[in-house]
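Here's a quick briefing to read alongside the model. Keep the sequence and the 3D view open as you go.

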Amino acid sequence: MKILMFGRGFISAQYGWAFEKAGHEVEFYVRPGRKEQFGPFIDLDILDGRTSFKGVPVKEEWPIRMREELTPDHDYDLIVLSVNHNQFEDVVKVIGPHVGKATILLFNNVWQDLPIFAKGLPMDQIIWGFPGGGGGFSSHNKLEGGFMKSIYLQTEATAASATRHQRVVELFRQAGFSFSWQKDIRVWYWFHFILNAGMAAQALKEGSYSNLYQSPKKVANAILLMREMLPLITAKGGIIGLGTALAMRLPAGLIGYAAFKLLKGNSVPAAIMDRMERTAYISRESFAHFPNDVLVEARKLGVSLPRLEAMEGHFK
């Protein structure tokens, strides 16, 4: 398969590396001038979680191919889009006219209805998913991050094209990944956005994510924020799954302790969070928009979020 990763971000780079190692042809689209700025390789320092929950260290100077222009007559089979959700509208202006016949894999946070979010892209060519990885660049070409075995993907029954869905599934299987299937990917996106908003708001109050992870009680406070936001999913027209509803009814302290142990332990998720903060990817500028966007939507829909409103000064 011939694959174009849009941008040379930490998600595009890690999954692009995995795809190339599985025998696929991978290129990166970068803005004019960035090809020379980035240089011909990425210095990888990542944890590969496909065979171990603790992750297999990968340290490699990986040569990459980049291009600074796009035309509709390209021969890419797949275009992978993974950017900050608040930048997506600008990305569509660049990629929209040049999609051609390629399948588009959206590996993105989404807070809007899917057709609104993807306006400007051919909906019948989109497969909706989300990565199980993270990290950041500590210099212009050194990537510190990691990824897990599983990715999140809509089911074939909900995809606009079963053929395109099957090809994406086969790509990830060939590369050694597994799947967390989402029957309603829209609601999953919204729930994940709320998780990010709760953790971000509490981390901003504590001063950093590192400070947040210092005690189960602090993580429990983030869980309480998330729980307060759940009615927004219903207000937006979604249905909360029974498993999610039951899990979020567990004592916040219990959930907070479990999350605390996961994020402080020797695991790929813990390493990802550590590396995201160490490389300054997790910062007020990059994550404050999660709680802010949730609060804007809540006020629009008339949903009261007193806990989040009381913390507004930390993310405005």
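Buried means under 20% relative accessible area, exposed means over 50%, and partly exposed sits in between (1.4 Å probe, protein chains only). This is a predicted model, where local features need pLDDT of at least 70, side-chain atom pairs count only at pLDDT 80 or more, and totals for chains, interfaces and linings use all residues. Residues are numbered from 1 along each chain as its sequence is written, and side-chain values use heavy atoms, with hydrogens and water left out.

**The sheet**

- Eight strands make up an open, mixed sheet, in the order β5-β2-β1-β6-β7-β8-β11-β12; strands are DSSP runs of E with at least two residues, helices are runs of H or I with at least four, and both are numbered from the N terminus.
- β5 (66–67) and β12 are the edge strands, each with a single partner, so one side of each has no neighbour in the sheet. Pairing here takes at least two DSSP bridges between the strands.
- Tyrosine 29 sits opposite arginine 67 in β5.
- Leucine 153 has tryptophan 181 in β12 as its bridge partner.

**Tyrosine 189**

- You'll find tyrosine 189 in helix α6 (residues 185–206), and it counts as buried because its relative accessibility is 1%.
- Beyond residues up to four places away in sequence, tyrosine 189 touches Leu106, Asn108, Val110, Leu114, Trp128, Gly129 and Phe130 (contact means heavy atoms within 4.5 Å).
- The side chain of tyrosine 189 reaches the backbone oxygen of glycine 129 at 2.8 Å.
- Tyrosine 189 and glutamine 112 are 77 residues apart in sequence, but 9.1 Å apart in space, C-alpha to C-alpha.

**Serine 208**

- Serine 208 lies in the loop between α6 and α7 (209–212). Is serine 208 buried or exposed? It's buried, because its relative accessible area is 18%.
- Leaving aside neighbours within four places in sequence, serine 208 is in contact with Ala203 and Glu277.
- The side chain of serine 208 reaches the backbone nitrogen of serine 210 at 3.4 Å.

Key:
A polar contact is a pair of N or O atoms within 3.5 Å; within protein, one must be able to donate a hydrogen and the other to accept it, and residues adjacent in sequence count only if both atoms are side-chain atoms.
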